[in-house]
Amino acid sequence: MSQPPTDQITAKDRLSTKERIVAMADEMFYHHGFAQTSFADIAARVGISRGNFYHHFKTKDDILRAVIALRLTRTQAMLDAWESRAATPRARIERFIDILIMNRAKISRHGCPVGTLCTELTKLDHSAQGEANALFTLFRNWLRIQFEGLGRIEEADALALHLLARSQGAATMAQAFGEERFLYREVDHMCEWLDQIAA
């Protein structure tokens with residue numbers, strides 16, 4: 001069988017088998033939950049045998065940690081992009097708030113990928129819950145730096161936690177009620193709050 005033209009090869013086609021396993025596990029853990037996703041489920045979706053699967057990952061916890069590492073890498077890349085593309089701390093914080101709108105369909109259906117994973121691992125008392133919480137810490141530290149840039153030095157961390165909590169609450173309610181319009185209203189309220197903080 002001939003290979004497709006180079007310009008028709010997608011990014012997914014260029015991934016190694018191990019990378020495809022992690023990418024699929026990431027998607028399935030988000031859509032169905034970590035506990036509800038089995039080795040067999042992931043192997044079937046990737047299209048590989050169980051033996052080939054075990055060649056790359058011996059346990060589901062190994063896959064989980066690879067998924068968390070992938071999310072950390074992607075999140076850091078996103079934050080770095082915001083740093084380079086948004087000229088002011090206020091504009092960067094607005095990028096964070098706008099995540100709710102950009103991902104509204106997914107959030108309304110599955111919730112926040114960070115919040116749902118951290119909540120599930122905490123309920124399971126899983127040993128990787130601290131690693132998953134590092135995703136929130138990454139956002140918290142980045143937001144703190146932005147609020148410091150707005151001159152709110154002493155309360156920067158409290159403001160960062162407040163915004164994280166508010167965005168998580170909005171995501172949870174949007175998922176519970178399946179209402180995208182609710183997210184738009186909450187984003188507007190968060191932006192109004194940010195206007196007051198930045199004034």
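This is a predicted model: local features need pLDDT of at least 70, side-chain atom pairs count only at pLDDT 80 or more; totals for chains, interfaces and linings use all residues.

Residues are numbered from 1 along each chain as its sequence is written, and side-chain values use heavy atoms, with hydrogens and water left out.

Rings of Phe, Tyr and Trp (its six-membered ring) pair if their centres lie within 6.5 Å; planes under 30 degrees apart count as stacked, over 60 as edge-to-face and the rest as tilted. This rule gives seven aromatic pairs. In one of them, phenylalanine 29 and phenylalanine 34 have ring centres 5.2 Å apart and planes at 80°, so they meet edge-to-face. Phenylalanine 53 and tyrosine 54 also pair edge-to-face, at 6.3 Å centre to centre with 75° between the planes. Ring pairs join Phe39, Phe53 and Tyr54 into a cluster.

Buried means under 20% relative accessible area, exposed over 50%, and partly exposed in between (1.4 Å probe, protein chains only). Phenylalanine 53 is buried at 0%, while tyrosine 54, at 31%, is partly exposed. Phenylalanine 29 and phenylalanine 34 are both buried.

Now for the charges: one sits over a ring if NZ of Lys or CZ of Arg is within 6 Å of the ring centre and within 35 degrees of the ring normal. Lysine 60 lies over the face of phenylalanine 34, 4.4 Å from the ring centre, and the charged end of lysine 18 sits over the ring of phenylalanine 57, 5.4 Å from its centre.
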